Amino acid sequence: GGGGGGGRKGGGKGSGGGVDCRVFVGNLAFSVTWKELKDHMRIAGEVAHCDIMPDPGTPCGSKGCGIVEFFNSRDARRAIRELSQTVLMGRMMFVREDRED
């Protein structure tokens, strides 16, 4: 591994690349774990961070969507382009930019 740092803009936790590097993944099977999602998203590039949105009242505790952060924006764009409409655990997901509203 290894690999150098690069200019860090803004704060935030971890060493991901910020909002440009994040994508929103929707229509996930409720049973998908963050690990399974991360493995799937690795097709597009190295994943810095992966989270499934929690929904505590439900059987699987998942909202069926998540946020994936890549180390660079190129991989994030690639994920949007190449991993939207791919199937994970029997459901076709969609991937789009994560907008912080």
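Four strands form an open sheet, in the order 2-3-1-6, and the pairing is antiparallel. Keep in mind that this is a predicted model. Which strands stand at the edges? Strand 2 and strand 6, residues 94–97. Each has a single partner strand, so one side of each is left without a neighbour in the sheet. The sheet also twists, by 25° on average from one strand to the next.

A quick reminder on sheets in general. Strands pair through backbone hydrogen bonds, and they can run parallel or antiparallel.

Now look at one pair. Strand 1 and strand 3 are antiparallel partners, joined over 4 bridges. Take Val 23 as an example. Its bridge partner in strand 3 is Val 68.

Next, the helices. Helix 1 packs on the sheet. It touches strand 1, strand 2, strand 3 and strand 6. Its direction makes about 135° with that of strand 2. Helix 2 packs on the sheet too, touching strand 1, strand 3 and strand 6. Here the angle is about 145°, taken with the direction of strand 6.

Let me step back to the whole chain. There are 2 helices and 6 strands. Read from the N terminus, the order is β-α-β-β-α-β-β-β.

What about the inside? The protein has 101 residues, and 37% of them are buried. In soluble globular proteins, nonpolar side chains tend to be buried together. In this model, the largest nonpolar core has 19 residues. Which residues have the most contacts inside that core? They are Val 23, Val 25, Leu 37, Met 41, Val 68, Phe 70 and Met 93. Five elements on my list give two or more residues each to this core: strand 1 (22–26), helix 1 (34–41), strand 2 (47–54), strand 3 (62–70) and helix 2 (73–83). Notice Val 23 and Val 68 again. They are bridge partners, and both are on the list of core residues with the most contacts.

And the outside? The protein exposes about 6,300 Å². Carbon and sulfur atoms supply 49% of that area.

Last topic: charges. Side chains of opposite charge can pair when their charged atoms come close. How many salt bridges does a search of the whole structure find? It finds 6. One of them joins Arg 22 and Glu 69, at 3.9 Å from N to O. Arg 22 lies in strand 1 and Glu 69 in strand 3, so the pair ties together parts that are 47 residues apart in sequence. Are these two buried or exposed? Both Arg 22 and Glu 69 are buried.

Now move to helix 2. Arg 78 and Glu 82 form a salt bridge, with the closest N and O atoms 3.4 Å apart. Why is the spacing worth a look? Arg 78 and Glu 82 are 4 residues apart in helix 2, so about one helical turn separates them. Arg 78 is partly exposed, at 32% relative accessibility. Glu 82 is partly exposed as well, at 38%. Glu 82 also meets Arg 81 in a salt bridge, at 3.8 Å from N to O. Arg 81 is exposed, with a relative accessible area of 60%.

One more group to point out.

Notes
Residues numbered from 1 in each chain as written. Predicted model: local features only at pLDDT ≥ 70, side-chain atom pairs only at ≥ 80, totals over all residues. Heavy atoms only, no water. Core = buried A, V, L, I, M, F, W, Y, C linked by side-chain atoms within 4.5 Å. Buried < 20%, exposed > 50% of the residue type's maximum accessible area, 1.4 Å probe, protein only. Pairing = 2+ DSSP bridges. Axes fitted to C-alpha atoms, helices over the stretch in contact; angles between N-to-C directions. Contact = heavy atoms within 4.5 Å. Areas by Shrake-Rupley, 256 points an atom, 1.4 Å probe, with all protein chains shown as cover. Salt bridge = Lys/Arg side-chain N within 4 Å of Asp/Glu carboxyl O.
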